[in-house]
Amino acid sequence: ISGYSSDTSTSSLPPMVITYRLAGVDGEATEDNVEELDDPEESGAQDPEEEFAITKVFAEGRGLSVLLRSIVSDISDALRRIRRDDVSKIYVTRGKKDSSMLFNLRKNPSKEAFVKSPAGPGLILLRHCARLKSNRKKLVEARAPSLLL
């Protein structure tokens, strides 16, 4: 047992020694010592409660439920197009010399477009809203996990 638990403050932990190797020009390994690393918490990282405070507006009234309905509608439309193109991508042709059936597969353009497209603005806004604890509670109350699955 190391004497440290998950509740131990990071400031009370000893520094971690890290050694990395780089291949030199002539193939020999060289070792560089890094004396100090920048602390991301001290480098001006803003508290999410402050950074995304404006998203509390969505938790008031029915804002989150409207946002969720919009996202569900967008995803349902995309899935409808993908399923439509999935059914129409298989077509059967008969061979000229015999009565055998050939199955020709085409790519699903709706699926390819969906996979390549970036996240929609509704999902991005939902991600920002979910960074606040109070908004996450409201999202759970609005059954967001069930709706989005």
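Me: Let's begin with Ser110. Where is its place in the chain?
Reply: Ser110 has its place in helix H4. One thing to keep in mind as we go is that this is a predicted model.

Me: Why is Ser110 called buried?
Reply: The label buried calls for a relative accessible area under 20%. Ser110 has 15%, so it is buried.

Me: What makes the pairing of the side chains of Ser110 and Asp85 a polar contact?
Reply: Distance is one part of the test, with a cut-off of 3.5 Å between N or O atoms. The two side chains make their polar contact at 2.3 Å, so the pair is within that limit.

Me: Which residues is Ser110 in contact with, leaving aside neighbours within four places in sequence?
Reply: Leaving those neighbours aside, Ser110 is in contact with Arg81, Ile82, Arg84 and Asp85.

Me: Now Asn108, please. Where does Asn108 lie?
Reply: Asn108 lies in a loop, with strand S4 (101-105) on one side and helix H4 (109-116) on the other.

Me: What does the side chain of Asn108 have 3.2 Å from one of its polar atoms?
Reply: The backbone nitrogen of Lys111 lies at that distance, 3.2 Å. Asn108 is also in contact with Ile82, Asp85 and Asp86, once neighbours within four places in sequence are left aside.

Me: Next is Leu132. What makes Leu132 buried?
Reply: Its relative accessible area is 0%, and buried means under 20%, so the label follows. Leu132 lies in the loop between H5 and H6.

Me: How do you know that Leu132 and Glu49 come together in space, given that they are 83 residues apart in sequence?
Reply: Their C-alpha atoms are 5.9 Å apart. Glu49 is also one of the contacts of Leu132 beyond four places in sequence, and the others listed are Pro48, Phe52, Ala53, Thr55 and Lys56.

Me: Why does Ala142 count as partly exposed?
Reply: Partly exposed covers what lies between the buried cut-off of 20% and the exposed cut-off of 50%. Ala142 has 27% relative accessibility, so it counts as partly exposed. Its place is in the loop between helix H6 (133-141) and helix H7 (144-148).

Me: Which residues is Ala142 in contact with, apart from neighbours within four places in sequence?
Reply: Those are Leu68 and Leu147. The C-alpha atom of Ala142 is also 6.5 Å from that of Ser65, although the two are 77 residues apart along the chain.

Me: Why does Arg143 count as exposed?
Reply: Exposed means over 50%, and Arg143 has 53% relative accessibility, so it counts as exposed. Arg143 has its place in the loop between H6 and H7.

Me: What is the phi of Arg143 near?
Reply: It is near 65°, a positive value in a residue other than glycine. Most residues other than glycine have a negative phi.

Me: Why does Gly122 count as buried?
Reply: Gly122 has 16% relative accessibility, so it counts as buried, since the cut-off is under 20%. Gly122 lies in helix H5, and its contacts beyond four places in sequence are Leu67 and Ile71.

Me: Which residues line the second largest pocket?
Reply: Gly122 is one of them, and the lining also includes Ile71, Phe114 and Leu123. Helix H3 (63-88) and helix H5 (121-129) each supply at least two lining residues. By class, the lining has seven nonpolar, three polar and one charged residues, and the pocket holds about 210 Å³ of space.

Me: Finally, what about the whole chain? How many helices and strands are there?
Reply: There are seven helices and four strands. Buried residues make up 13% of the 149 residues. The chain exposes about 12,600 Å², with 55% of it supplied by carbon and sulfur atoms.

Technical notes: Residues numbered from 1 in each chain as written. Predicted model: local features only at pLDDT ≥ 70, side-chain atom pairs only at ≥ 80, totals over all residues. Heavy atoms only, no water. Polar contact = N/O pair within 3.5 Å; in protein donor to acceptor, adjacent residues only side chain to side chain. Contact = heavy atoms within 4.5 Å. 1 Å grid on protein atoms, 1.4 Å probe; cavity = no way out; pocket = protein on both sides within 12 Å on 5 of 7 lines; lining within 4 Å. Points joined across faces, edges and corners; volume = space filled by probe spheres on them. Nonpolar A, V, L, I, M, F, W, Y, C, P; charged D, E, K, R; others polar. Buried < 20%, exposed > 50% of the residue type's maximum accessible area, 1.4 Å probe, protein only. Areas by Shrake-Rupley, 256 points an atom, 1.4 Å probe, with all protein chains shown as cover.
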